[in-house]
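Here are my notes on the model you sent over.

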Amino acid sequence: MDFEIVAHRGYSAIAPENTRAAFAAAVAGGAGAIEFDVRLSADGIPILIHDPTVERTTDGTGNVSDLTLEQLKGLDAGMWFSDRFIGERIPTFGETLDFLDETPLKAYAEIKDGDDWSDEDIQRLIATLDVPHWRDRLAIASFSDDFLGRVKACNTAIPLAYYPLTASEYLEQLRRLKPEENAILLCEYHLLLENPQLVAAGRDRNIDVGAWTVDNPQDMGQLIRLGVKQIVTNSLLER
């Protein structure tokens, strides 16, 4: 297989997103990698949740950044999805790595509100990854190029995933990247379908290009034919 199926927030079509249940389902479903969202708790612990508030995906209320890890761990992160998942908890970044360590899967950690992370926060995150079995398995992703630049300044070996939102941003990013940096361009998939030359330009530079979030089999097939290397999906795992 010359492309990688990336489970968006885990197998989020059948289990509550960004939880161990969703990750276990992704493993069982045959994913090649998992994407998840990372935020900081009030006491500076990286935890997995997409939204800046906890209302949508837990039984709690409030801003993630105002809640300690202990408070976040007291929330139910599964009952909103189905009674089957009552008792599911918000995992920490470290707990997620421990779970994935027992699998062959790669990971994409999308950092939320990265511009609010201190240099110490970034250094602690990098220290967690600075072990042989994670150095090539996890890419740090962000919509903030400034945040990714700060990560790169601390450690040039960690793969980084950028999110260009327009064709001009894509081409500008492509000009800056070097193949040896092991960087990835992750794009909303319509941008690539409407501008297939972008994928070709990436391939010419030996830069991997991925697409999110693809839940239509026909679109997936077209993207694969264009040469897209990472397909981020909620549902198209068991193919």
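**Notes on the model**

1. Glycine 30 counts as exposed, because its relative accessibility is 52%. The cut-offs here are under 20% relative accessible area for buried, over 50% for exposed, and partly exposed in between, with a 1.4 Å probe and protein chains only. Glycine 30 sits in the loop between α1 (20–29) and β2, and just after α1 it takes a positive phi of about 90 degrees. Arginine 176 is 146 residues from glycine 30 in sequence and 34 Å from it in space, C-alpha to C-alpha.

2. Some ground rules before going on. This is a predicted model, where local features need pLDDT of at least 70 and side-chain atom pairs count only at pLDDT 80 or more, while totals for chains, interfaces and linings use all residues. Residues are numbered from 1 along each chain as its sequence is written, and side-chain values use heavy atoms, with hydrogens and water left out.

3. Overall: the protein has 9 helices and 9 strands. Both are DSSP runs numbered from the N terminus, helices being H or I with at least four residues and strands E with at least two. The C-alpha trace spans about 50 × 40 × 30 Å along the principal axes. Of the 239 residues, 54% count as buried.

4. Helix α4 (residues 119–129) buries Asp121, Ile122, Leu125, Ile126 and Leu129. Those buried residues fall within an arc of 130 degrees seen down the axis, so they line one face of the helix; the arc is that of the directions from the helix axis to the C-beta atoms. As background, an α-helix has 3.6 residues a turn, so residues three or four places apart point the same way. The cover over the buried residues of α4 includes β2 (33–40), α3 (93–101), β4 (106–111), β5 (138–142) and α5 (145–154).

5. Helix α3 has Phe93, Thr96, Leu97, Phe99 and Leu100 as its buried residues. They cover an arc of only 160 degrees around the axis, so they are on the same side of α3. Among the elements covering them are α1, β2 and α4.

6. Which residues does arginine 56 touch beyond its neighbours within four places in sequence? It is in contact with Arg9, Glu17, His50, Asp51 and Trp80, contact meaning heavy atoms within 4.5 Å. Arginine 56 lies in the loop between β3 and α2 (69–73) and counts as partly exposed, because its relative accessibility is 37%.

7. Most residues other than glycine have a negative phi, and most peptide bonds are trans. Arginine 9, in the loop between β1 and α1, has a positive phi of about 60 degrees although it is not a glycine; at 14% relative accessibility it counts as buried. Aspartate 113, in the loop between β4 and α4, also is not a glycine and has a positive phi of about 50 degrees; at 46% relative accessibility it counts as partly exposed.

8. Finally, please look at the cis peptide bond joining tryptophan 212 and threonine 213, with omega about -25 degrees. Threonine 213 is in the loop between β8 (208–212) and α9 (217–226).
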